[in-house]
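Hi everyone, thanks for making time this morning. Let me put the structure up, and then I'll walk you through a few parts of it.

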Amino acid sequence: MQAESQSVLANQLVTLFRQFLAAGSVLSREEERRPYECDGLSVYRQLPLLVVLPETVEQVQQVLRICSEYKVPVVARGAGTGLSGGALPLADGVLLSLAKFSRILDIDLQNRCARVQPGVRNLAISEAVAAHNLYYAPDPSSQIACSIGGNVAENAGGVHCLKYGLTVHNILKLEIVTMEGERLTIGSDALDAPGFDLLALFTGSEGMLGVIVEVTVKLLPKPEAVQVLLAAFDDVVKAGDAVGKIIAGGIIPAGLEMMDNPAIRAAEAFARAGYPEDAVAILLCELDGSQQDVEVQVGQVKMILQDCGATDVRVAASATEREKFWKGRKAAFPAVGRISPDYYCMDGTIPRHQLAKVLEGIAALSEEYSLPVANVFHAGDGNLHPLILFDASRPGELERTEAMGGRILDLCVAVGGTITGEHGVGIEKIEQMCHQFSSAELQQMHALKAAFDPAGLLNPGKAVPTLHRCAEFGAMHVHHGEVPFPELERF
Amino acid sequence: MQQAFAEKQALRISGSGSKLLSGRAVSALPLDITMHQGIVEYVPTELVITARAGTPLQELESVLAESGQMLPFEPPHLGEGATLGGTIACGLSGPRRPYAGAARDFTLGTRIINGRGELLRFGGQVMKNVAGYDVSRLMVGAQGTLGVLLDISLKVLPQPACEHTLVIDMDAATAIITMTQLANVALPLTAACHLPATSQQTAQLYLRLSGAKEAVMAAVAFIKNKKLKNKKLKNRKFRNKEPENKQPTTFVTENVTEKKNGDGQACAFWRDLRERRLPFFTDAGALWRLSVPPATPVFHETLPGECLLDWGGAQRWLKTDASADAVRAATEKTGGHATLLNQHGAVPAPLSPVLATMHRQVKMAFDPEGILNPGRLYEGL
């Protein structure tokens, strides 16, 4: 019965959408909708009711007006590289793809900014301005594929966040269409805008408040010099100390990455980066700035690494070697993918001084659940990416993996961190939101969503759990014989 | 707070009163937060400090300085007892802003009480955090209209080892071109300001370079060698409006401040600029703050009057007889916005009808009875 009424609704919508969208921009047949059933987190799949691919802002407005009128939920999607299921479609909803918004509209060299459509790929921006010695700083590892609209929706980071910030620090202005089809500008071409900082609010709002149809990004001059050091350690704690001491020394590296032994071995087997495979941990430290700055800092960092007990410190002798050092780190995820049928990437962030404690906790959980873990860590900013290795074809293993992932995130929250540093909550970490936030805090977030989307039609069910949902999750945790945060109010 | 909510009692959140004129006047029952002070947590290697809203900014900055760190957005105090809460609520940033970031950029987490009297915590003490909406940054610049700030966690950075200030005789049009050219090169520039000519002094460009001594000295040499002179401006927008070719001519002064927290002449200049205490600001009368794209050409033709350029051209202080409408129209045309500062407070640019509606709805979401600093930001907000 429900399926029948859904197909009636779908037909109705197709007729309405085709009045202003080309036939090829309204996808209703199952085989056409199939490619949109998941984003980068492919363990969750759902066919959308319909897929639309508008090309103009007016068309987006019309789509949203119609969906508002018919009370049809909408999920916006960029390149679909997100890792938290934020763009997972809804069975009774329209998937709004912004893939056709792929033009760079204006590059203003004088004011160092670029006005781009949301479907423009992250790396394409830097490529377009490279000849002018400029670049767009945030560089999530998916930067060759991910789109800027999605970057804004998720507040994407990357390996250079500690020094250059996240997406929120690198954008000036957004054009938004609300669920009711109203277009508005937030932020400005200047460094600030009057009124509330809605630009910050929209960044990382996971498509819950409005649809982003244009982004003005800041551009930075490329640093004159870059250098990378690779240090090997026989102890994770020593590597962690080195990170703290580099920062205490007044140095802010452009990138500061740590990998543990399983991650090192996987990356080395895959990328042949020349990593010491017997090391318990390695640190990669990138320094940038003027020639003089980098020279001075390389000397300082080298000394600190040695003082902290590094068993080996290498300074890249050439640009090729520098790239090689990075190649292993950048290939860490696919490399782990090669040694295990499946892996599950976590994204907790912790205060850095808690690193040893958290790694110990992860090792204990790994044993408890009999699932190996490889750790890749944005050490500079405390963002951990434990990769849980599993085999989804074995019955129950995915569930066990998710349960273990949840425990890792609980641990991150318990030491004063957060469940997600840069991948977003999406559908994946919705349960952990109940652990990180109180019911009043979640209610405040719902009220904020209602301020922009009173009917609750934009990406419903993502990012912020309903209190009802938290109550269900709470019950599940009790069932496992443990309530992680007994002081929190439960519904 | 809960009682105020129940009784719909409007509250005026007050600290030291240093930023009374940074918004509109509020007449309501004062809620004094100055007693809620102290540093909650500070681990220098984490680059994060958490302090209560009533903590004097001066105290916070001295604690950071002891560990060789600082608030990177160089906040204006605008008064002796300025508190952290007021600084964040007003979202003000100093000369370093275009190069390092603004108050909101360094705000990582807050604990607040909303208009329903609920104690809420958003964000955290870590650099990267995308769990839930970024309510903490929404609080920055909201001037207490969405919540009473209790604790604030901020990202901090190491102080530079060396600072060097260059002062160059130059007119405003050339200064805008120079500042633009310099910002397009990776230099350790941390402030750029242009002062208009006075009866005693020609117009001057002030540049501050900060970082490792070697890097600063190399940058100073780079600027002094006028390597920039040979670089043609690749401007598409303003090509036809380029002023006459007046390149930097005289380097009048160099002020070197190598001692941390030094109190040299250069330091005093940047502090007085930050605090709006330079002679330019001292004569009474209406003052406009124009926030514009940095390379915007001089406004001479449309807006007569004296103009001081800060933030590499992105923040301009204007004293003019032009009508408010004329100032707002000229500023909006650039893609920026203008705020009028007078003896009654600050009058920001009006919001578009659709944005104004959004603002009212956001306000309702936090403060349904409108008891928090009513009217401080805009009428009805």
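Let's start with a question: is the crossing of α13(A) and α14(A) left-handed or right-handed? It is right-handed. Bear in mind that we are looking at a predicted model.

Now for the geometry of that pair. Helix α13 of chain A covers residues 355-369, and helix α14 of chain A covers residues 397-414. The two pack at an angle of about 160°, and their axes are 10 Å apart. An angle over 145 degrees counts as roughly antiparallel, and that is therefore how α13(A) and α14(A) lie to each other.

Who meets whom there? From α13(A) we have A:Val358, A:Gly361, A:Ile362, A:Leu365 and A:Tyr369. On the α14(A) side they meet A:Arg400, A:Met404, A:Arg407, A:Ile408, A:Leu411 and A:Cys412. Sorted by class, the residues of this contact are eight nonpolar, one polar and two charged.

Next, a sheet in chain A. It is open, it has five strands, and their order is β5-β6-β10-β8-β9, with antiparallel pairing. The edges are β5 (104-108) and β9 (183-187) of chain A; each has a single partner strand, so one side of each is left without a neighbour in the sheet. On average, neighbouring strands here are turned by 15° against each other, direction ignored.

One detail you can look for on screen: A:Asp106 has A:Arg115 in β6(A) as its bridge partner.

On to the contact between the chains. Chain A brings 77 residues to it and chain B brings 73. Several helices of chain A each supply at least two residues to the side touching chain B, among them α8 (236-248), α10 (291-307) and α16 (439-452). Of these, α16(A) gives the most, with nine residues. By class, that side of chain A has 34 nonpolar, 29 polar and 14 charged residues.

The model scores ipTM 0.93 and pTM 0.93. Chain B has a mean pLDDT of 89, with 90% of its residues at 70 or more. Where does pLDDT stay under 50 in chain B? One stretch is residues 227-253, with 36 contacts beyond four places in sequence in the model. Another is residues 255-262, with 15 such contacts. Where pLDDT is low, the predicted coordinates should not be read in detail.

That's my tour; happy to take questions.

Methods: Residues are numbered from 1 along each chain as its sequence is written. Chains are lettered from A and ligands numbered from 1 in the order in which they are written. This is a predicted model: local features need pLDDT of at least 70, side-chain atom pairs count only at pLDDT 80 or more; totals for chains, interfaces and linings use all residues. Two strands pair if DSSP finds at least two bridges between them. Helices (H or I, at least four residues) and strands (E, at least two) are DSSP runs, numbered from the N terminus. Axes are lines fitted to C-alpha atoms, for helices over the stretch in contact, and angles run from 0 to 180 degrees between N-to-C directions. pLDDT is the predictor's confidence in each residue, from 0 to 100. Two residues are in contact if their C-beta atoms, placed from the backbone, lie within 7 Å. Angles under 35 degrees count as roughly parallel, over 145 as roughly antiparallel, 65 to 115 as roughly perpendicular and the rest as oblique. A crossing is left-handed if the near helix is turned anticlockwise from the far one by less than a right angle, and right-handed if clockwise. Ala, Val, Leu, Ile, Met, Phe, Trp, Tyr, Cys and Pro count as nonpolar, Asp, Glu, Lys and Arg as charged, and the others, Gly among them, as polar.
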